[in-house]
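Load the model in your viewer and keep the sequence panel open. Each stop below gives a selection and what to look for there.

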Amino acid sequence: MISFILVLVINGTATRQVKNEDFDRLCGEAMVEKGLGNLKSSIKLFTSSILLSPPESFVWFEMARIFAGSGDQQLAFRCMLTALRLHPSKEIEDNLVALQSRPQSFPMITPTIDLSVGGEGGERAAGESRGGGGGSEAEQHQAKYKRKLYEKYFRLDCSMKRYMQQLNHTPHDVDVLVVAAEVSIELLYHRQAVRMLQHALDLRPRDGTVFTKLVDAQAGGGDGSGRS
């Protein structure tokens, strides 16, 4: 079923419905599932997000990496090729070449997220947060809260990637610059936020809202702290 949906979307027969909040939420959940090692669930969520907004290159790239690490080279190649067509870059091009010449170089996808909250009981609580059982009520609550934090981070990260992709095509779009700066602040990328807002203010020098946001970003750490 997943392969069938992917073929439909790759061939351009899926209808695009731009619902950014739903898209970001699905991508965030997909990244968490990938981090937990639940690859089938991750692919399903990524596929659902693509049906909302097909042209997001980074989603195709993530799916290609999952398929490559799972041994499905055909779908990996098609997803990577779609990513390259949507957003040409050296990173994607290098991965596409690697898929053709040395597919074995792609590592197996291993879990990178640990939802345990301490000890054996924590492991059971983490299992409960993924739909299993076991663990005390408090441990289950902590594991679910931990997952929510991961989902929030990856949702914001997907938003950031989506805005950056838009800015690659329309670098002088003030509205996109402002919302991307707001997400950057939430991710603690203060310097990046300041650069975006300064660019937005250069484009709209009399925009009081942009000026206020720039001052707030600088006061929040954008003048010299935070990720660049």
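Helices (H or I, at least four residues) and strands (E, at least two) are DSSP runs, numbered from the N terminus. The model is predicted, so local features need pLDDT of at least 70 and side-chain atom pairs count only at pLDDT 80 or more, while totals for chains, interfaces and linings use all residues. Residues are numbered from 1 along each chain as its sequence is written, and side-chain values use heavy atoms, with hydrogens and water left out.

**Stop 1: the whole chain**

Show the cartoon. The chain has 11 helices and zero strands. Of its 228 residues, 44% count as buried. Buried means under 20% relative accessible area, exposed over 50%, and partly exposed in between (1.4 Å probe, protein chains only). Contact means heavy atoms within 4.5 Å. Among contacts with a separation of 6 or more, 59% join residues 24 or more positions apart.

**Stop 2: colour by confidence**

pLDDT is the predictor's confidence in each residue, from 0 to 100. The chain mean is 84, and 81% of residues reach 70 or more. Select helix 7 (residues 119-129): confidence is lowest here, at a mean of 47. Confidence is highest in helix 10 (residues 190-203), at 97. Now select residues 13-18. Their pLDDT stays under 50, and the model has 15 contacts for them beyond four places in sequence. Residues 120-126 are also below 50, with 20 contacts beyond near neighbours in sequence.

**Stop 3**

Centre on Met80. Leaving aside neighbours within four places in sequence, Met80 is in contact with Phe61, Ala64, Arg65, Ile92, Asn95, Leu96 and Leu99.

**Stop 4**

Select helix 3. The expected span of a helix is 1.5 Å times one less than its number of residues. The 14 residues of helix 3 should span 20 Å, and its end C-alpha atoms are 20 Å apart, which agrees. Its buried residues include Leu39, Ile43, Phe46 and Ile50.

Move to helix 5. Helix 5 has 14 residues and reaches 20 Å from first C-alpha to last, close to the 20 Å expected. Leu75, Ala76, Cys79, Met80, Thr82, Ala83 and Leu84 are buried there. An α-helix has 3.6 residues a turn, so residues three or four places apart point the same way.

**Stop 5**

Leu84 counts as buried because its relative accessibility is 18%. Beyond four places in sequence, Leu84 is in contact with Ser89, Ile92, Glu93 and Leu96. Draw a distance from Leu84 to Leu96: their C-alpha atoms are separated by 8.3 Å, at 12 residues apart along the chain.

Leu86 is also in helix 5. At 27% relative accessibility, Leu86 counts as partly exposed. Its contacts beyond four places in sequence are Pro54, Pro55, Glu56, Ser57, Trp60 and His169. Leu86 and Trp60 are 26 residues apart in sequence and 9.3 Å apart in space, C-alpha to C-alpha.

**Stop 3: the largest pocket**

On a 1 Å grid over the protein atoms alone, a pocket is an open set of points where a 1.4 Å probe fits, with protein on both sides within 12 Å along at least five of seven lines; lining residues have an atom within 4 Å of a point. Grid points are joined across faces, edges and corners, and a volume is the space filled by probe spheres set on the points. The largest pocket has a volume of about 290 Å³. Select its lining: Ser57, Phe58, Phe61, Glu62, His87, Ser89, Glu91, Ile92, Lys161, Met164, Gln165 and Asn168. Helix 4, helix 6 and helix 8 each give two or more residues to this lining.

**Stop 4: around helix 10**

Select Leu188, in the loop between helix 9 (174-186) and helix 10. Leu188 has a positive phi of about 70 degrees although it is not a glycine. Most residues other than glycine have a negative phi.

Finish on Gln192, in helix 10. Gln192 counts as buried, at 14% relative accessibility. The C-alpha atoms of Gln192 and Ala217 are separated by 9.7 Å, at 25 residues apart along the chain.
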